[in-house]
Amino acid sequence: MTAILVKNLNKYYDNGFKALSNINLEIKKGEIFALLGPNGAGKSTLINIICGINKKKDGEISVFGHDIEKNYKMARSKIGLVPQEIATDSFEKVIDTLKFSRGLFNKKNSTEYLEKVLKSLELFKKRNQQIRTLSGGMKRRVMIAKAMSHEPNILFLDEPTAGVDVELRQSLWKNLYDLKKNGVTIFLTTHYIEEAERLADRVGIIHQGEILMVEKKDKILEKLGDKRVIITINKTSKNLKNILNKFNYQKKKNKLIFSLDLKNNRNSVSDLFKDLIKNSISFYDVEIKKNNLEEIFLKLIDQ
Ligand SMILES: Nc1ncnc2c1ncn2[C@@H]1O[C@H](COP(=O)(O)OP(=O)(O)O)[C@@H](O)[C@H]1O
Ligand SMILES: [Mg+2]
């Protein structure tokens with residue numbers, strides 16, 4: 001089932017700047033989708049248009065089948081938005097701010113549902129505290145709880161962990177993962193490659209207002225990720241001449257380094273091992289090197 005469908009979307013700001021260029025995107029129900037791109041790529045612009053905060057120029061967008069303009073109310077009711085900036089100094093109690101947000105969407109009061117949300121975000125014990133008395137991490141989770149208060153089917157998070165320390169980042173990832181397990185579709189933007197790599201089912205790469213690629217995360221890594229086996233031996237090994245004419249290698253001080261592409265060249269990896277064993281040459285080190293999303297990303301935007 002399709003949660004979000006974006007077709008041929010373009011966005012110009014009032015000063016004529018083209019921020020998004022022919023965006024086509026489908027988000028499936030139940031997935032975690034990460035939109036990855038550097039600052040200024042157009043991530044917030046896209047999220048804000050889908051959530052009805054910014055206006056598009058042309059193209060079509062629907063949320064669970066509801067057109068975001070013709071059927072604004074229905075579309076908006078399906079969406080929870082956690083904006084990048086968090087309002088933090090509220091004297092309001094946690095539970096009251098959730099009740100208020102829920103009320104804005106004309107939803108019937110449900111303490112039971114709100115308490116469930118608070119529990120899943122590890123905020124239940126803090127429900128009667130004023131927001132200003134909470135730690136930074138808790139405030140962020142309150143923003144997520146607030147966005148969840150009207151029982152949306154899809155949660156948008158704009159750079160949820162920008163400027164957050166490592167520990168807090170990991171606990172937020174766990175919270176998002178738990179929401180996914182409860183059936184919530186998640187669309188997040190990030191400029192942290194690690195975040196996309198750890199959390200997302202699919203990753204879209206956006207650069208200068210254009211989506212360069214959308215793929216399952218594993219597939220991106222498999223398709224573009226270079227995987228090499230690096231075998232290092234001592235230059236002083238006996239019987240070296242029996243193998244050196246068969247394989248490419250680099251010399252480095254007293255070592256020889258064989259770097260074999262695992263994807264296209266599986267045979268030569270096992271051939272090298274066989275020859276090393278046959279000639280009683282022991283290796284000094286074996287390492288498997290994989291490109292991560294970061295290297296792929298740099299390659300993509302370099303083109
Ligand atoms: N109100 C605006 N008027 C003109 N240009 C804008 C406006 N808002 C954003 N932009 C520009 O649009 C581009 C995309 O911005 P944004 O969507 O905020 O990027 P991201 O969220 O990926 O960092 C940037 O070049 C930004 O300067
Ligand atoms: Mg942004």
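Modeller: Let's start with helix α3 (residues 94-104) and helix α4 (residues 111-120), whose axes come within 11 Å and cross at roughly 120°. Axes are lines fitted to C-alpha atoms, for helices over the stretch in contact, and angles run from 0 to 180 degrees between N-to-C directions. Helices (H or I, at least four residues) and strands (E, at least two) are DSSP runs, numbered from the N terminus. This is a predicted model: local features need pLDDT of at least 70, side-chain atom pairs count only at pLDDT 80 or more, and totals for chains, interfaces and linings use all residues. Residues are numbered from 1 along each chain as its sequence is written, chains are lettered from A and ligands numbered from 1 in the order in which they are written, and side-chain values use heavy atoms, leaving out hydrogens and water.

Biologist: Why are α3 and α4 called oblique to each other?

Modeller: Angles under 35 degrees count as roughly parallel, over 145 as roughly antiparallel, 65 to 115 as roughly perpendicular and the rest as oblique. The α3 and α4 axes cross at roughly 120°, so these helices are oblique to each other.

Biologist: Which residues make the contact?

Modeller: V94, I95, L98, K99 and R102 of α3 meet T111, Y113, L114 and L118 of α4, where contact means heavy atoms within 4.5 Å.

Biologist: And what makes α3 and α5 roughly parallel?

Modeller: The axes of α3 and helix α5 (residues 136-148) come within 8 Å and cross at roughly 30°. That angle falls in the "under 35 degrees" class, and therefore α3 and α5 are roughly parallel to each other.

Biologist: What makes β2 and β5 edge strands?

Modeller: In the open sheet, 4 strands follow the order β2-β1-β4-β5 with antiparallel pairing. Both β2 (18-28) and β5 (66-67) pair on one side only. Further in, 5 bridges join β1 (residues 2-12) to β4 (residues 58-63), with K7 opposite E60 in β4.

Notes:
Pairing = 2+ DSSP bridges.
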